[in-house]
Amino acid sequence: MVLKNTSDEKLAVLVKKDNNEAFEELINRYEKPLLRYVVRLNRDEDIAEDIVQDTFISVYKNINSFDTKRKFSSWIYRIAHNKSVNEIKKHSKTFALNDEIEIEDERNDHKDTEKRLDESIIREKIQNEIDKLPLKYKEIIILRYVQEESYDEISDILQIPKNTVGVRIKRGLEALKREMNIKVEDYL
Amino acid sequence: MKKDLKKQIMNQVNKGEIKKRSSLFFKFIQALIIATLVLLGLIATYSFNLMFYLPQRARFAPPSPEERFLHTLEIIPWPIMGIGALALGIMIFIYRKYEGGYKVHLKWIIIIASIITLASGYVVFASNLNERLDQRPGIHKFHDYSEEQFVPGGRRLKRLQDGDGEVRGRFHEN
């Protein structure tokens, strides 16, 4: 019961001291958010489950390298992120990793989109468009708008400077806006 | 079918199938990274120092003002400078990847690290460390070799000393 009110960082200290219940509590806290993040990145639930399992195993093995002055959430997301990216690179060539945002040829009647589709359909469409973004924009949009991470945490997770986080979010949103012709932030 | 992740992981943990790496292991890795950074820093500094020292050791006479720039370019031992730059590059890469340097923009890391190592190299050059090191036979040999190989004037000086060179008026008489 006491563990439920303990911070992640304190739980990590307890795990270092061989407290397995503390590790169980960390799994309770992070299993769902990590799964959500990894599924959004990979679009495959089975692979995502394997990645999340691997992430927790890595966390346990390397817990002694965790610096308790830093945020545990950034650390665990970083591990999950690295594993996801490795998996994407290994199994799929469909993600464009270059700077150019490929704009698809399909030109729907964007002018009427907002009027015709209800909010949930728009959200679904945004999700599809997010999937088409190059990985470096996709991961950052998911972290910011799905996982609701702060710029600081995203900077820690992706290991990029904070202002680069801002630039990539801006470019990612611009790319989505170009495709959707709506103010995407309102639906994220 | 959805896995019970928690159950599976905790089973492995409780059975001791997954083991934690000791903190000593991570301290060792950390020490190794820091030692590598220091070593690369020293290599970069020493190389940049040689960049100044070797042409001086080859005893070039001061160039005339109008040919100073080209002359300077001519006497720089570029391969030595390349070694310094390579050490600096690896140092920056390791720092960014393993020491959390990603928080700072790469261009600033490059600018600051370059200024620090170049300045340190110049300080070493300005001290009498090179002359003292030159008294050691091994280092003397290394300086001789580097001068011959990498400083254009150095090779000429060697030929001059052997009585086999062309004097172009750029060297001191002694």
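This is a predicted model: local features need pLDDT of at least 70, side-chain atom pairs count only at pLDDT 80 or more; totals for chains, interfaces and linings use all residues.
Buried here means under 20% relative accessible area.

**Chain B on its own**

Chain B has eight helices and zero strands, so its pattern along the sequence reads simply α-α-α-α-α-α-α-α. Look at contacts with a separation of 6 or more in chain B, and 74% of them come from residues 24 or more positions apart. As for surface, chain B exposes about 11,200 Å², with carbon and sulfur atoms supplying 64% of that.

Part of the surface is a nonpolar patch of about 560 Å², built from B:Val104, B:Trp108, B:Ile111, B:Ile112, B:Ile115 and B:Ile116. B:Val104 sits in the loop between helix H4 (78-98) and helix H5 (106-126) of chain B. Its relative accessibility is 36%, which is why B:Val104 counts as partly exposed.

**Where chain B meets chain A**

Now for the interface. On the chain B side, 23 residues are in contact with 31 residues of chain A. The two chains bury about 2,500 Å² between them, and 54% of this is on carbon and sulfur atoms. In chain B, the residues that lose the most area to chain A are B:Leu5, B:Lys20 and B:Tyr102, which together make up 29% of what that side buries.

Here are the interface values side by side:

| Item, chain B and chain A | Value |
|---|---|
| Buried area | about 2,500 Å² |
| Salt bridges | three |
| Residue pairs in polar contact (both at pLDDT 80 or more) | 13 |

Which elements give two or more residues to the side of chain B that touches chain A? They are helix H1 (5-14) and helix H2 (23-57) of chain B. H1(B) supplies the largest share of that side, with eight residues. Among the charged pairs, B:Lys6 forms a salt bridge with A:Glu24, and their closest N and O atoms are 3.9 Å apart.

**A glance at chain A**

Over in chain A, A:Glu153 belongs to helix H8 (residues 151-158). Is A:Glu153 buried or exposed? A:Glu153 counts as buried, because its relative accessibility is 11%, against a cut-off of under 20%. Setting aside neighbours within four places in sequence, A:Glu153 is in contact with A:Lys71, A:Ser73 and A:Ser74. With one of these, A:Ser73, the side chain of A:Glu153 makes a side-chain to side-chain polar contact at 2.7 Å.

Notes
Residues are numbered from 1 along each chain as its sequence is written. Chains are lettered from A and ligands numbered from 1 in the order in which they are written. Side-chain values use heavy atoms; hydrogens and water are left out. Patches are made of residues with over 30% relative accessible area and no salt bridge: like charges are joined within 9 Å, nonpolar side chains (Val, Leu, Ile, Met, Phe, Trp, Tyr) within 5 Å. Accessible areas come from the Shrake-Rupley method with a 1.4 Å probe; for residues, only the protein chains shown count as cover. A salt bridge is a side-chain nitrogen of Lys or Arg within 4 Å of a carboxyl oxygen of Asp or Glu. Helices (H or I, at least four residues) and strands (E, at least two) are DSSP runs, numbered from the N terminus. Buried means under 20% relative accessible area, exposed over 50%, partly exposed in between (1.4 Å probe, protein chains only). Contact means heavy atoms within 4.5 Å. Buried area is the accessible area (1.4 Å probe) that two parts lose on being put together, summed over both. A polar contact is a pair of N or O atoms within 3.5 Å; within protein, one must be able to donate a hydrogen and the other to accept it, and residues adjacent in sequence count only if both atoms are side-chain atoms.
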